[in-house]
Each structure stands twice: as structure tokens, then as C-alpha cells.
Amino acid sequence: MGMGNNKPPIVEIAHLSKSYRRGSQTIPVLEDITFDIADGEFLALMGPSGSGKSTLLNLIAGIDKADRGTIRVGGVDITTLSDKELATWRSANVGFIFQFYNLMPVLTAFENVELPLLLTDLSRSERREHVELALQLVGLTDRVDHYPAQLSGGQQQRVAIARAVVSDPAILVADEPTGDLDRVSAGEILQLMDRLVREFDKTIIMVTHDPRAAEKARIIRHLEKGILTDIDGQPASPVAGS
Amino acid sequence: MMFLLKLIIRNAFRHKLRSILTVVGIAIAIIAFGLLSTLVGLWYHGVEASSASRLVTRNAISLIFPLPLSYKDRIRQVPGVKTVSYGNWFGGIYIDEKHFFANEAIEPKSFLELYPEFILTPEQKDAFLRDRKGCIVGKRLADTYGWKIGDLITLRGTIFPGQWEFVLRGIYRGAEKGTEERALFFHWDYLNETLRKTMPRRADQVGFYMITVERPELAAEVSQAVDAIFKNSLAETLTETEKAFQLGFVAMTEAILVAIQIVSYVVIVIIMVVAANTMAMTARERIAEYATMKTLGFGGWHIAGIVFGESLVIALSGGLLGVALTFPAAHWIEVELAQFFPAFSIAPLTIGLDLLAALAVGVTAGIFPTWRGATIGIAEGLRRIG
């Protein structure tokens with residue numbers, strides 16, 4: 001685990017709370033979370049199942065809504081955005097990497113990577129250029145016409161990473177990105193993510209159970225029953241990496 | 001847009017077996033709907049084929065009661081009447097009841113004048129007019145039984161008992177595809193002369209008069225004038241247009257007609273339910289994909305378009321396949337069941353209804369999955385993975 005950088009925060013979370021309703025019961029998932037993530041950081045969020053780490057990731061990525069508190073990403077308070085505004089914001093600012101890759105089975109690797117660009121004003125040739133660059137970055141230029149079913153798990157995750165970075169978002173969110181991979185493939189994926197941070201200045205927020213995966217991150221944060229803690233279980237400092 | 005269309009089409013045939021079975025199911029339903037609609041249309045064929053300038057005069061009490069032959073000259077004197085012919089429904093049976101076809105005793109000269117749509121060669125026409133025991137049959141009927149000119153055809157009389165023999169003198173063709181070609185006509189005089197010998201009480205009586213008027217707009221006036229002549233007589237008449245006369249027959253079997261129509265709609269409703277189930281199943285399986293697309297920034301309308309488009313692609317594929325197969329199916333019916341139908345042709349309107357039915361199947365089947373896909377929450381949808 002490395003130390004954090006000294007750049008200004010790209011994500012600022014203040015007094016964030018989230019609960020779910022199950023029948024008449026209200027189940028708190030996140031309670032009064034406050035912390036920042038510096039620009040260009042590689043943060044791992046760890047914690048047992050049900051601790052709220054995926055919920056926190058979803059809130060930061062703008063695919064779920066908080067009950068209370070604010071989340072500012074790149075200076076924008078995303079808790080005030082409507083669903084439509086959030087969709088536009090996500091497509092420009094966040095790249096997603098999922099545990100099960102979430103590729104469209106009927107689209108080739110090239111078409112899967114092209115998908116987010118369809119929402120932009122780019123021309124067909126510009127899209128092609130971006131997609132080829134992204135696939136080159138993940139080392140899959142020889143698999144452009146392959147469908148997901150024709151690729152290994154590691155290759156599918158690399159396509160997913162290419163799709164996440166193709167629109168050049170500032171933040172990448174990864175939910176258990178190595179959870180469905182063997183050790184070798186997982187190592188390759190983590191190296192690739194590390195490269196994205198080091199060479200391309202991306203900010204990565206990764207949820208993981210795997211301590212080996214977390215080691216690749218510069219900062220590890222723990223969630224216990226919806227409360228952010230340090231490794232020793234004490235409430236954490238509000239600044240990631242401090 | 002092209003990309004989404006590509007995605008819709010690929011999604012539609014992702015589960016090949018399921019999609020093919022659904023498409024085939026819809027196609028069969030569309031064929032059934034098209035054929036049943038055509039059958040209902042054929043019920044009205046006689047009505048549609050009737051001429052606006054032809055009238056039919058029958059006994060006012062019922063068609064089964066005859067009219068005196070002497071009415072002929074009095075009808076002819078009514079202003080506006082151009083031609084008068086007459087005839088009797090003979091109802092003879094060829095071989096047995098299963099080999100049904102229409103057979104009528106008619107006054108040949110005026111009849112052929114009244115019905116120019118029955119086309120005979122001049123030689124055959126002359127031969128028919130000259131031979132009192134002669135008969136003519138439609139081409140389809142002749143083909144069905146392999147009859148040739150000069151053949152002897154024997155009918156067993158039911159209304160007029162006995163064995164009746166006719167010599168085939170002509171095979172007529174219809175002027176149009178839908179013209180009735182499955183009937184036999186013979187000399188009314190042959191019937192009448194025989195009746196004079198065997199049942200004199202039934203001689204010199206006709207079942208109906210057929211009248212042509214000089215202009216179609218005179219039809220109502222002439223009808224009233226004819227019926228006025230025989231008012232308060234022993235055999236009062238009812239004169240109506242040929243169309244109204246034919247509609248009377250259709251009305252007798254209206255219950256069957258309604259039943260066929262209901263069946264044709266039920267077929268479509270059943271396939272709607274089947275297709276809706278398929279689409280619901282498909283959408284349920286793809287909820288995570290829809291959520292992923294939403295994550296990437298695609299809106300509810302994009303997802304709605306993809307799901308609804310897929311439903312329409314499957315339904316319209318079935319519809320087009322069904323329409324394409326309806327033609328050979330109709331041709332098969334026309335050839336194999338020639339004795340039952342004058343011409344089993346699929347009308348453009350039926351094709352339009354077929355495609356409309358397929359569209360309705362696609363829309364109905366797509367409504368719920370579209371709503372579900374468009375409104376699913378991203379976090380909820382992503383939880384469906386694995």
C-alpha cells in the first residue's frame with residue numbers, strides 16, 4: 001500500500017448517508033461518510049459483504065442516490081443532478097469496470113468499446129480512432145472482431161477497461177474487477193489499472209475483497225457496517241491517503 | 001441509430017431456437033388469420049360478384065314456393081326491364097351428397113344473355129342451345145371430375161325425383177377470376193317437359209325470375225313495379241337486387257361466419273400472449289445489460305427503443321413470413337379444394353390486415369418488457385448479474 005499524492009481532491013464526500021427499505025424496515029447502509037479522494041489516486045475500498053462499499057461506489061459513480069450528504073466530483077455536486085443530467089454526467093466523467101465485465105454478448109470487442117462513444121458527437125472515423133487507441137492500450141488489437149464468448153475472462157475484462165477509458169473519463173470505478181479472474185489474469189488487470197493511474201493520470205476507485213488486489217492501490221479504505229474506518233478499525237481520517 | 005438497429009436485430013436472433021419458434025408461431029397465426037379472413041370474404045363472393053343491373057323475383061312467401069311461368073310476359077312488359085330469364089334450383093346429387101355443386105334448370109338463351117360473365121365458345125353455345133338434354137358446366141367443375149364435351153352426366157334428383165341424364169355440350173370459363181365456375185346449368189324445358197309427364201301439377205312453374213334492367217338506377221323502381229303487378233294474387237312476388245338476394249343466403253349462415261371471424265381473432269390473441277411471454281422472458285434475462293447501458297449514459301428511451309424494436313422485429317419477421325407463406329397455402333387450397341371455393345385469392349386488404357395483426361402482436365408483446373427495461377433502476381439491474 002503506497003501513500004496518497006498531494007493533488008487536490010477530485011471527489012469530495014461530506015456527511016453521506018444511505019439506507020434501504022425492506023418492507024417496513026429501514027436498513028442503514030452508509031452513515032455520515034466524509035472523505036476526499038485526490039485526483040490521480042488509486043483507492044481500494046475494502047470491507048466485508050454488506051458493509052456498503054458497493055453502495056458507496058455506486059453513489060460516487062452517480063448510479064444511485066444518497067439520502068443525505070453531498071458528493072462533489074470535479075467540482076460538481078452530483079447529488080443535485082436529475083436522472084437525465086446524471087446520465088449525461090456519467091457518460092462524460094466516469095468509466096465503469098465490473099466484476100462480470102458486463103459486455104454486450106451480441107457486440108464484438110470493437111463494438112463494445114464503441115458503445116459509450118455513440119452518445120458523443122464524434123464522427124464514425126473519430127470513434128474508430130478512439131476505439132483502436134483504447135484497444136491498443138489494453139493490448140487487444142488482434143481481437144477487435146471477437147465476440148465476448150470468444151474471449152477469455154481476462155481478455156473480456158480488458159475489453160471492459162477499454163470501454164471504460166475510451167471516452168477519456170477522469171474517474172474509473174471498479175467493482176471487484178478481479179473477482180471473476182484467475183490469479184494470472186487478475187495480476188494483468190491490476191497492472192493495467194496501475195498503468196492507467198501512473199501514465200494517464202486516471203483516478204481509480206476500486207471495491208475489492210482481495211487483499212492482493214488492494215495492495216496494488218495506493219490507498220486502502222475500509223468500510224465496516226457503513227462507517228469508514230482505518231485498518232485498525234478506528235474511524236478514518238476524512239482525507240484519503242493522509 | 002444504425003448501431004442501435006444492429007443491436008436490436010442481433011438481440012432479436014440471439015436465442016435462435018426461441019426466436020425461430022416464436023417467429024414460426026406468429027407466421028402460422030398470420031397464415032391462419034389470412035386464410036380465415038379470405039374464407040369470410042368468400043362468403044360474400046356471390047354478393048360481390050352480383051351485377052347492379054340484375055334483379056331476382058321470387059315468391060314473396062319463400063324461395064321454396066314457385067311462381068307461374070305466365071308471369072314472364074307480364075314482367076317483360078314492365079318499363080325499364082331489358083331481359084327476363086327464369087330457372088329452378090334443381091338440387092341434384094352427383095355420385096353422393098359429398099360431391100356437392102350447384103345445378104340449376106335455366107332458360108338458356110336469355111340466361112346466357114343475362115350472364116355475359118359465363119363465356120362459351122360460339123360452337124359450344126350453339127350445341128347447348130340446340131340440345132334440350134344438353135348442359136354446360138364451369139371449367140373448374142369439369143376439371144374436378146375430368147368431364148369432356150359429349151360426356152353423359154347423371155344427377156339424382158331430390159326436389160325433382162328421378163335419375164336425370166345430361167349431355168355435356170359446353171364448358172364455360174368465367175370472365176373474371178372470381179366468377180363461379182363450379183355450377184351446372186341445363187335446359188328448363190327439359191325439366192318442365194319431364195314434369196308434365198311425371199308430375200303435371202308441378203309443371204309450368206319456375207323457382208325464380210332473373211331480370212336485367214336498362215340502367216342500374218332503375219332497379220328500385222322496376223322492383224316495385226313488378227311486385228305491384230302481382231299484389232293480391234295467389235303467388236305474390238318479392239323482387240330485389242341480385243346483391244340483396246345473395247345477402248339473404250349469407251344471412252342464413254351468419255352464425256358460422258361470426259364463429260370463423262372469432263376464431264381468426266382468437267388465433268391472434270393466443271399468439272400475442274405467447275409472444276408477450278417470450279419478450280418478457282427475454283427482457284428479464286437482459287435486465288443487467290439494460291442497466292449496464294444506462295450506466296454508460298444511455299437513457300430510458302434508448303432502452304425502450306431496443307426492447308420495443310426487438311419485439312417488433314420478431315413480430316414483423318413472423319408477419320412477413322406468414323404473409324409470404326399465405327400465398328402458397330391459398331394456392332394449395334384453390335387447387336386441392338377447388339370444388340368448394342370459386343377462387344381462393346388473397347386480397348390486398350387481407351395482406352394489410354395480416355401485417356396489422358403482426359404489428360399488434362409486436363406492440364402488445366413489447367409493452368411490458370419495454371416499460372420494465374426503460375424504468376429499471378441501475379443499481380437494481382446490476383444486482384441481477386452472476
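# Helices, domains and a sheet

User: How do α2(B) and α11(B) lie to each other, roughly parallel or roughly antiparallel?

Analyst: α2(B) and α11(B) are roughly antiparallel to each other. Angles over 145 degrees count as roughly antiparallel, under 35 as roughly parallel, 65 to 115 as roughly perpendicular and the rest as oblique. This is a predicted model, in which local features need pLDDT of at least 70 and side-chain atom pairs count only at pLDDT 80 or more, while totals for chains, interfaces and linings use all residues. Residues are numbered from 1 along each chain as its sequence is written, and chains are lettered from A and ligands numbered from 1 in the order in which they are written.

User: What angle do α2(B) and α11(B) pack at?

Analyst: About 165°, with the axes of α2 (residues 16-43) and α11 (residues 254-285) of chain B 9 Å apart. Axes are lines fitted to C-alpha atoms, for helices over the stretch in contact, and angles run from 0 to 180 degrees between N-to-C directions. Helices (H or I, at least four residues) and strands (E, at least two) are DSSP runs, numbered from the N terminus.

User: Which residues of α2(B) and α11(B) make the contact?

Analyst: Among them are Ala29(B) and Phe33(B) of α2(B), and Val267(B) and Ile271(B) of α11(B). Two residues are in contact if their C-beta atoms, placed from the backbone, lie within 7 Å. The contact of α2(B) with α11(B) has 16 nonpolar residues, six polar and one charged. Ala, Val, Leu, Ile, Met, Phe, Trp, Tyr, Cys and Pro count as nonpolar, Asp, Glu, Lys and Arg as charged, and the others, Gly among them, as polar.

User: Now domains. How is chain B divided?

Analyst: Into domain 1 (2-45 + 254-382) and domain 2 (61-235), with bounds from an automatic or database domain assignment. Their centres, taken over C-alpha atoms, are 48 Å apart. Domain 1 of chain B gives six residues to the contact and domain 2 of chain B gives nine.

User: Over to chain A. What is the strand order in the open sheet?

Analyst: The order is β6-β7-β8-β3-β9-β10 (chain A), with mixed pairing; two strands pair if DSSP finds at least two bridges between them. β6 (94-97) and β10 (227-229) of chain A stand at the edges, each with a single partner strand, so one side of each has no neighbour in the sheet.

User: How many bridges join β7 and β8 of chain A?

Analyst: Five, between β7 (residues 171-175) and β8 (residues 203-207) of chain A, which run parallel.
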